[in-house]
Amino acid sequence: MIEISPGPSSLSPGVHPFPHRHLLGINGLQPWEITYLLDEAEAWVTVNRGTAKHDGRLSGLTQINAFFENSTRTLLSFEIAGKRLGADVVNMAVASSSVKKGETLLDTALTLNAMRPDVIVIRHDASGAVALIAEKVDCPVLNAGDGRHEHPTQALLDALTIRRRKGRIEGLTVAICGDVLHSRVARSNILALTALGANVRVVAPPTLMPPAIEAMGVTPFLDMDRGIEGADVVMMLRLQRERMTGAYVPSSREYLAFYGLTRERLERAGKNALVMHPGPMNRGVEIESHVADDIHRSAITEQVEMGVAVRMACMDVLTRARRGVEGWA
Amino acid sequence: MTTPVAIINARIIDPVNGRETRGGVLCANRKIVAIGQVQVPSGAKRIDAKGTIVAPGFVDVGVFSADPHACAAGGITRVALMPDQSPVLDDPALVARATAARKPDLWVHPLAAATRGLEGLELAEIGLMKAAGAVGVATGRRWIASSGVMSRLFAYANAFDLPIIVHAEDGGLADGAAATAGETATRLGIPSAPSVAEALAVARDLMLAEQAGAHVHFRQLSTRASFDLIRQARKRGVRVSCGVSPAHLLLSDIAIGAFRTYARLSPPLRSEDDRLATIEAVRDGTVDLICSGHDPRGTDDKRLPYADAAPGMAGAETLLALSLTLVRDEVISLPRLVAMLSSTPASLLGLPAGQLKVGGDADLVVFDPDAPWRVDDDKMQGQAGNTPFDGLPVQGKVTATIKGGEIVSR
């Protein structure tokens, strides 16, 4: 058994269950801290399914979504989450310039900070960029994806989806399949799921398998049929099409044949294996439409729904000290 | 006439003969005039070494910046300057200017760019640059992708009797990489290249140098496979030498920590196994010299996301203190360390330096091998203080640097 929670009674007086200023990654979080965020998100799922979705707890607070890399889904999810909590949400879409982006980055951080936001959500195409900005600003920072490094809210929403569909995470076998090398989703999920006691496998062609990945506590597979055998969850990753020309994989046809999730291949997984995908999907490349659209197996739209709840929970928790919530100062 | 300088009460280390004696060194008119029991003339500046060491000034091969304050603080009296300057040292006039730049406190010996603009396409005017003062030819930070160009480079530079100083990293593998492939790069999601990128380049260049009969020097090597290739080549009689930096002897890629850009180096910090192999290669003599790789970078170059940050560290001031770890760990003797820092690099470049002899240039360093201090990037003397060793307590401090009979740091 892993230790899921120290329980409120075991915390010292004045110590709250999520003692982090920012959410920069899953790395560094204790299992019970991850569980705490999931529990908090659970409540927001209920709110979001009702008709009155508005909660004013972030009323008067300014949330800046600074996206240095293109995104539609994640940006929208954070925007909706902020608005449902009553925050004044400002979106700043900054196309990442090819040169001198670092200088722009720190200057932008200082500029953002001068506008006195209460929470900043950042996506950037360079690993570590969000942590760098976080050092320069006075408010909580949420990592919405940095390079190949981490995408913590994606891992939380995936964990929440799995927990709701399977009733638990501990002991499950989860196969993360596809372009693991370039995937921040994979890294954050590996950290979260292993922390919560899942048996995690990663499945990728040899060109997209990161070196020494087993050091992260996962079992690597180059053969997808073996990798998903008996799995409770099959988590597909998006194959970025530009990888096709980088001599990583020969063609989408070949990729589908060996690493795509087809109906036949899914038969090898556990009987009620859950199919997941962080989106947007390349249908017919990493996943067949039959599988993606199977409402009994696929949790893909549910992942999107959980995304809003998780982001509401994270923003609520991270701004509590700032809002003077009792016990969170 | 300069005021004579007398160093007394010293342990004198002569790296050429591997000998240690006691006594003093007297300098006058830019030369060493007496060694051993010296009579201090009246009016001479007197340095009482108090039982610490006097040795030839260090010669640092392959610095990216002729940084006089850092060098003086580090006991370095001559540097071989990499051609990666702005503009690139690919023209005789630029080489001549660089040669004169820091005199008299620091002598700069430029390395000529192997190819125009360091683009790896056309040979630069190597002969004319030698006439202008270049003491070697270097490929710069990059590798030359064309084996044809490299082959002609070895043949041509060899005709001018110049060593060819190579950066060994196969660009096809290392392009875009900011770390060595392994657990750290995987966890942090940093683009990485396998360490074999270095050995591949070493293997190719050894074969081409062997064919041309040229002297190839690998500026900084860092992997077990590379050192094995050097050992094999030596047995075949290839004219090869190589250097290492203290960073690769003391740190592995774990030092990257959470995107610590001060630890972003080229070649990148390697695995622990490669680090141990580097130490072993120093012990068994495979490694000829130790260089600082001095490449000071300001915060504008370093306060960036890891992969965007410029590689390099300020190394000149910590060169001795970090290298002395090898002596304390009994990897090598103190005279051998001094040789690796002075006489060996001098002889690689054909410089009349790195030795203690009457009549020779009075380039000296006085240092206390046991003096403790703490590396502090805010207190570095050089152009910038970016070092992955910031905060590290170290032992071994330069107490005086003498260049051409003049005290340049004390």
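Reader: What makes the five strands of chain A, in the order 7-6-5-8-9, an open sheet?

Author: In this predicted model, five strands of chain A form a sheet in the order 7-6-5-8-9, with parallel pairing. Its edges are strand 7 (219-221) and strand 9 (274-276) of chain A, and each of these pairs on one side only. From one strand to the next, the twist averages 20 degrees.

Reader: Which residue of strand 6 of chain A does A:Ala175 stand opposite?

Author: A:Ala175 stands opposite A:Arg201 in strand 6 of chain A.

Reader: How is chain A divided into domains?

Author: The domain assignment gives domain 1 as 22-151 + 306-321 and domain 2 as 153-300. Their C-alpha centres lie 25 Å apart. Domain 1 of chain A brings 32 residues to the contact, and domain 2 of chain A brings 24 residues.

Reader: Why is the largest pocket said to lie between domain 1 and domain 2 of chain A?

Author: Both domains give residues to the lining of the largest pocket, and therefore the pocket lies between them. Its volume is about 930 Å³. The lining has 36 residues, and those closest to the centre are A:Glu69, A:Arg123, A:Arg184, A:Arg238 and A:Gly279.

Reader: Which elements give two or more residues to the lining of the largest pocket?

Author: They are helix 2 (73-84), helix 5 (152-166), helix 6 (184-195) and helix 11 (300-318) of chain A. Helix 11 of chain A gives the most, with six residues.

Reader: How does the lining of the largest pocket divide by class?

Author: The lining has ten nonpolar, 15 polar and eleven charged residues.

Reader: What lines the second largest pocket?

Author: This pocket, with a volume of about 650 Å³, is lined by 33 residues. Nearest its centre lie A:Ala131, A:His149, B:Gly257, B:Ala258 and B:Phe259. At least two residues of the lining come from each of helix 4 (129-134) and strand 4 (141-146) of chain A, and helix 6 (183-188) of chain B. By class, the lining has 15 nonpolar, ten polar and eight charged residues.

Reader: How many cavities of 30 Å³ or more does the structure hold?

Author: There are four. The largest cavity has a volume of about 140 Å³. Of its 16 lining residues, B:Phe64, B:Gln220, B:Ser266, B:Gly293 and B:Gly312 are the closest to the centre. The lining comprises five nonpolar, eight polar and three charged residues.

Reader: What makes the lining of the second largest cavity one with two charged residues?

Author: Arg counts as charged, and the lining includes A:Arg148 and A:Arg187. The lining also has five nonpolar and three polar residues. Besides the two arginines, chain A gives A:Leu181, A:Pro210 and A:Pro211, while chain B gives B:Ala185, B:Thr186, B:Gly189, B:Ile190 and B:Ser192. The volume of this cavity is about 50 Å³.

Technical notes. Residues numbered from 1 in each chain as written. Chains lettered and ligands numbered in written order. Predicted model: local features only at pLDDT ≥ 70, side-chain atom pairs only at ≥ 80, totals over all residues. Heavy atoms only, no water. Pairing = 2+ DSSP bridges. Helix = DSSP H or I, 4+ residues; strand = E, 2+ residues; numbered from the N terminus. Axes fitted to C-alpha atoms, helices over the stretch in contact; angles between N-to-C directions. 1 Å grid on protein atoms, 1.4 Å probe; cavity = no way out; pocket = protein on both sides within 12 Å on 5 of 7 lines; lining within 4 Å. Points joined across faces, edges and corners; volume = space filled by probe spheres on them. Domains from an automatic or database assignment. Contact = heavy atoms within 4.5 Å.
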